Structures are given as structure tokens and as C-alpha cells.
Amino acid sequence: MKIGSLWTALVIAAVLVALYGANALLLTLLHLRHRTDRPTQPTEPEEWPVVTVQLPVYNELYVLKRLIDAVAALDYPRDQLQIQVLDDSTDETTRLAQARVARFQERGFDIELLHRQDRQGFKAGALARGLETARGEFVAIFDADFVPKPDFLKRTVPHLVAAPDLGFVQARWGYLNADYSTLTRAQTLALDGHFVVEHLGRNRSGLLMNFNGTAGVWRRDTIASAGGWQSDTLTEDVDLSFRAQLASWKALYLPEVETPAELPPHMAAFKRQQERWATGAAQCLAKLAGSLWRGKPYPGSHPRAGATPHLTWPMRIEGLLHLSVWIAYPMSLVFLLMTLPMLLGHVPLTFNLTVFWLVALGPMVAYAISQRYLYPDWKRRMVYMPVMAMVGTGMALSNTVSIAQGLLGRGLPFRRTPKFQIERRSDRWVGRRYVLPFQWITLGELVLAGYALATTVVALVLGNYLAVPFLLLYAGGYG
């Protein structure tokens, strides 16, 4: 490849990475501007509406009991609460679910088990199936690894009752096993950055925000208005929430309502989760980009009654950046692969590396701000920042493959993130069912770690010391 082509490719990669880093900085500024803005908690309704709680599960031997027990403990009028266990399992989980459901039925709960044999449409299909027999005006959703607090519904449902144009409410994720390992600590940094800085900055500024698939409550009419649950992406939550807002429904984020969840305790499980999210985001981008750009409802949905759909250009552009943010991963990979030939060709890297490091500040600042917002011991938590940087960098290859599959593939399987009921440091996942086998892409990551180290040596020999920290970050991440 000619030097000019290398330079062009590297500049394009740097500019794209810079764009997403700049967006992270923008969201951080929006968070700082609105961090004290909190919606007033509405008064309790005179009569609580019927709420259906949906629990989509698939092969969850270790956490099913914990989930059902937590939902049954919700502080909500018993006669106004319906619980649906939407079970697509192919193992003993179904038997355990039957026993647990029967126990609570005997205690007077309106709880049912809906077991499907074909798993058609995956999670979206299960949720849609549940709606066929749901009697709730509002629908709360919890994945198997979540443990809602008893006051969850009483802190979220009043907002939906008080605002007829509010389509869904999203709560903040908490963590059952944040202290389990260095990996889980690093994950909390990334998730806090998303939930504290990005969600709050977007929602309080009137920008589009996504539903996170769990720990939230939907208005049933909103789901129907937006075209229902659809299974043509692996992130049905992002898909529906964007279609709903395109149809003029509003969203509300409540950071003060925390719902604890179990973080993936080992790298293979974490990578699977990230790969699914990357694939689904690419699919949503391909599906919704046209409607976002035009600011029009997605075909098959219809605007909220009495509303005229209108998305401002800031809402459209940030929405597109939101859905395409995962593209920073393949650009990061291009950046690494191009560095060695650029070094050997004696092409200056100062501009590109400066852009890279300046942009890397965007997510890092967001992570730091989120820790300062949530935790009194936020300074101590900063020691995990380098680990988070390496973990994020090391995801570039697997996420690049996932993005390509999302853009090019059809009918991709929904591969669940395994859960093991890991809550204490003494808990162990090794040797348990659902542990993921060796992934061949790991060999590619090891090759990239070696490539980054070799490039580091070349940079040192040529005296290009600015590139060394960046290259070591790649080597550590892939390693």
C-alpha cells in the first residue's frame, strides 16, 4: 500500500475515533449542566394501575429462584400485580420455574409460567408472547441477573401515571458483585459512565436515550404504537426505544432508582455480552438510520395520539452517533494495524496520536465524573481506570467481527450471557454449567498483542516515543 493511502486511512480512523470521543465529552458537559436536575416524584395515584412484570429467562439454573423471589417481594398491591415467567429454557430451569411459580400461586400471587419450545424471536419473541396474556396497563421487565428492590414499582409507575406522553422509564443498574474481581470493578466504571453520564446527559437535554432491556417499565400503548417487539436485531431494547421516541413518546431516566445486577465474572462471558451489544447496535443503525435522519416514525409504527413527530437536528445527529458509537472499535483496530507501516515508512504520527490521546480523554472523563457522582470513595476507584482502558482496547477485534456480522448477517442467534449467582468473593464459577469454552478469536487477539509489542520495539528504535504508551495499551489489552 502506498504511503499516501496509509496516511489517508490513518487520518480517517483518527477522525472517526475523535468524533466519538468528542461526543463523550459533549455528554459529560451535558451531565455537568443537568446533574442536579431531578424530576419531582409524583404523588401516589389514588388507585394503583395493573402492572405486568415480565421475566424473560433462558437456561438460568443458578439465578432463577433469586429473581422470582425478588419480584414476588415487590411492594405493590397484590391484586394489581401480574408476574409472567417467560421461559425458553432447554434444561432443568423449566422444572425449577414450575415449582417456584406453583409455590407463589398457592400463596395467592397472579403468576404464570409461559414456556416456549421453539425460542422463535429470542427475547423479543418471548416478550411479545407474554403481552398476549398480559393484563397490565404498564409492563416492567427484569432479566434473570437482576434483583429489583421492593419499592421499584412505587418509585417508577407514578411517573407514567402522571405523564400520558411518557412511554418508558429506565432505572440505573447497580451491582451485586462489583468487588468480586478486577474485571468486575473495571466493568462498573464503564457501566457507570453510561448510566450516570450518558443517560442523564441525554435524557435531561431532550436527546434520544435507549432502554437497556431490563430494570425499566413500559406503557403498554407505547409498545403497540412503536410497532411492538421485533426480533430483527439482537438489541430489541434499543430498537424499540428508538422507534418509540421517533413516534413522539418520551423517555425518563431515574438514576436515583438503583436496581442491582450480577456482572459477568469471567472474560469470556463479558466478551459475549459485548459482542451481542455490538452486533445489535450495528443492526439498529442499519435499520433506523433512515428514519432518524428524516426525523420520521419508523414504518409500521404510528405517532402518539395527538402528537406531531418532530426531531430536531441535534436529536437526529446525536442519535446516529449513539447507535454508531461501536464503530470506534474497528477504527481503533485500523489505527493499530496502520501504525507499524507508518513507522517503517517514516511518516509522522504526531497528529494522529495527539488526536487519539485527546479523544481517549472523553470516555475517561465520563468514567471519572460518574464515580465522583455516585461514590464517596471515588478516588480509590480510579485505580481501576487503566484496567478499564485495557479491557476496552482489547475488545476491538471481537467487537469488529460482531459489527461486521450485524451489518452483513441475517438471522443471527441470540447468545445469552451466562450467570452463576456470583455475589461474594468466595463464590466460584469455574466448573459450573454454562461456562463458555475456549474461543478461537483469542488466538487472533494474542497475535495482535504480539504485533503491538513488535511495533513498540520499532517505535523505540526509531525514537518515536509518543507512540509507545498507546502501543503498550494495545499490547496489554489484547494480552
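Author: The second largest pocket holds about 360 Å³ of space, where a volume is the space filled by probe spheres set on grid points that are joined across faces, edges and corners. On a 1 Å grid over the protein atoms alone, a pocket is an open set of points with protein on both sides within 12 Å along at least five of seven lines, a cavity is a set where a 1.4 Å probe fits but cannot get out, and lining residues have an atom within 4 Å of a point. The model is predicted, so local features need pLDDT of at least 70 and side-chain atom pairs count only at pLDDT 80 or more, while totals for chains, interfaces and linings use all residues. Residues are numbered from 1 along each chain as its sequence is written, and side-chain values use heavy atoms, with hydrogens and water left out.

Of the 17 residues that line this pocket, Asn203, Gly206, Trp249, Lys250 and Ala251 lie nearest its centre. Strand β7 (residues 250-261) gives the largest share of the lining, three residues; strands (E, at least two residues) and helices (H or I, at least four) are DSSP runs numbered from the N terminus. The pocket lining has 10 nonpolar, five polar and two charged residues, with Ala, Val, Leu, Ile, Met, Phe, Trp, Tyr, Cys and Pro counted as nonpolar, Asp, Glu, Lys and Arg as charged, and the others, Gly among them, as polar.

The largest cavity has a volume of about 40 Å³, and α9 supplies the largest share of its lining, four residues.
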